[in-house]
Amino acid sequence: MKTEREKMTAGESYQEFDAELIARRKFIRQQLQEINQITDNDNRNHRFQSLLAETGDHFFVESSFKFDYGFNIRIGDHFYGNYDITMLDTCPITIGSHCYFGPNVGLYTPVHPLDAKRRDADVEMGAPITIGNSVWMGGRVTVLPGVTLGNRVVVGAGSVVTKSFPDDVVIVGNPARIIHHLDANGDVIKN
């Protein structure tokens, strides 16, 4: 029989008030409260890395970095996150290498049931988020559950990403939509 953590990570219905999950969220909140106050960049970032499933060697996040569990977050090499990054990692969040996030970016994997009776019973689900290599997100970008972004995607500030997008595009808006396709050099392809 699967644990609530296993069901959660697999995107299945689970009980969010399971004792193991509550204990982990409490531990993470305590750790993040302390770590986000550290002014020494190397110390702060090494402490963040110790709470995540995997990161590349070149990892830098400003304070205040927030997440639920950490064990569902995998980040490639050369990652930069500006202030106030939030990653709700009910399901896996996988971020490629050479990704740069502006301030107040949020990646949200939890999905709450549309059925009020299931919500009232504290049933929750999730869907993973996958971000390719060399992705740049402007400030206040929100990425919703189940989204996959390809390689070399640029997401304009304030965008709400509700669906997946392929490689080499610029997306903006709420909901985000493609405004440009990019060539191998990152130049806009003229139609």
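This is a predicted model: local features need pLDDT of at least 70, side-chain atom pairs count only at pLDDT 80 or more; totals for chains, interfaces and linings use all residues.
Reader: Why does Arg140 count as exposed?

Author: Exposed is the word for over 50% relative accessible area, buried is for under 20%, and partly exposed is for what falls in between (1.4 Å probe, protein chains only). Arg140 has 56% relative accessibility, which is over 50%, so it counts as exposed. You'll find Arg140 in the loop between strand 14 (136–137) and strand 15 (142–143).

Reader: What makes the phi of Arg140 worth a remark?

Author: Most residues other than glycine have a negative phi, and most peptide bonds are trans. Arg140 isn't a glycine, yet its phi is positive, about 60 degrees. Asp122 does this too: it isn't a glycine either, and its phi is about 65 degrees.

Reader: Where is Asp122, and is it buried, partly exposed or exposed?

Author: Look in the loop between helix 4 (116–120) and strand 12 (123–126). Asp122 has 29% relative accessibility, so it ends up as partly exposed.

Reader: Which peptide bonds are called cis here?

Author: One runs from Ser63 to Ser64, with omega near 0 degrees. Ser64 sits in the loop between strand 3 and strand 4 (66–67). Another cis bond joins Asn174 and Pro175, where omega is about 0 degrees. Pro175 belongs to the loop between strand 19 and strand 20.

Reader: How do you know that strand 19 and strand 20 pair?

Author: Two strands pair if DSSP finds at least two bridges between them. Strand 19 (residues 169–173) and strand 20 have five bridges, so they pass that test, and they run antiparallel. In that pairing, Ile171 faces Ile178 of strand 20. The link between the two strands is a hairpin of two residues.

Reader: What makes strand 20 an edge strand?

Author: First, the sheet: seven strands form an open one in the order 3-6-9-14-17-19-20, with mixed pairing. Strand 20 (176–181) and strand 3 (59–61) each pair on one side only, and they are the edge strands. Strand 3 pairs with strand 6 (residues 79–81) in the parallel sense, over three bridges. Phe60 has Tyr80 of strand 6 as its bridge partner.

Reader: Which strands make up the sheet of five?

Author: That open sheet has the order 2-5-8-13-16, and its pairing is parallel. Its edge strands are strand 2 (54–55) and strand 16 (148–149), each pairing on one side only. Strand 5 (residues 73–75) and strand 8 (residues 93–95) share three bridges, and Ile73 is partnered there by Ile93.

Reader: Why is Phe59 called buried?

Author: Phe59 has 7% relative accessibility, so it's well on the buried side of the cut-off. This residue is part of strand 3. Contact means heavy atoms within 4.5 Å. Leaving out neighbours within four places in sequence, Phe59 touches Asn45, Phe48, Gln49, Leu52, Phe65, Ile75 and Phe79.

Reader: What makes Asn82 buried as well?

Author: Asn82 has a relative accessible area of 18%, so it too is buried. Asn82 lies in the loop between strand 6 and strand 7 (86–88). With neighbours within four places in sequence left aside, its contacts are Glu62, Phe101, Gly102 and Pro103.

Notes. Residues are numbered from 1 along each chain as its sequence is written. Side-chain values use heavy atoms; hydrogens and water are left out. Helices (H or I, at least four residues) and strands (E, at least two) are DSSP runs, numbered from the N terminus.
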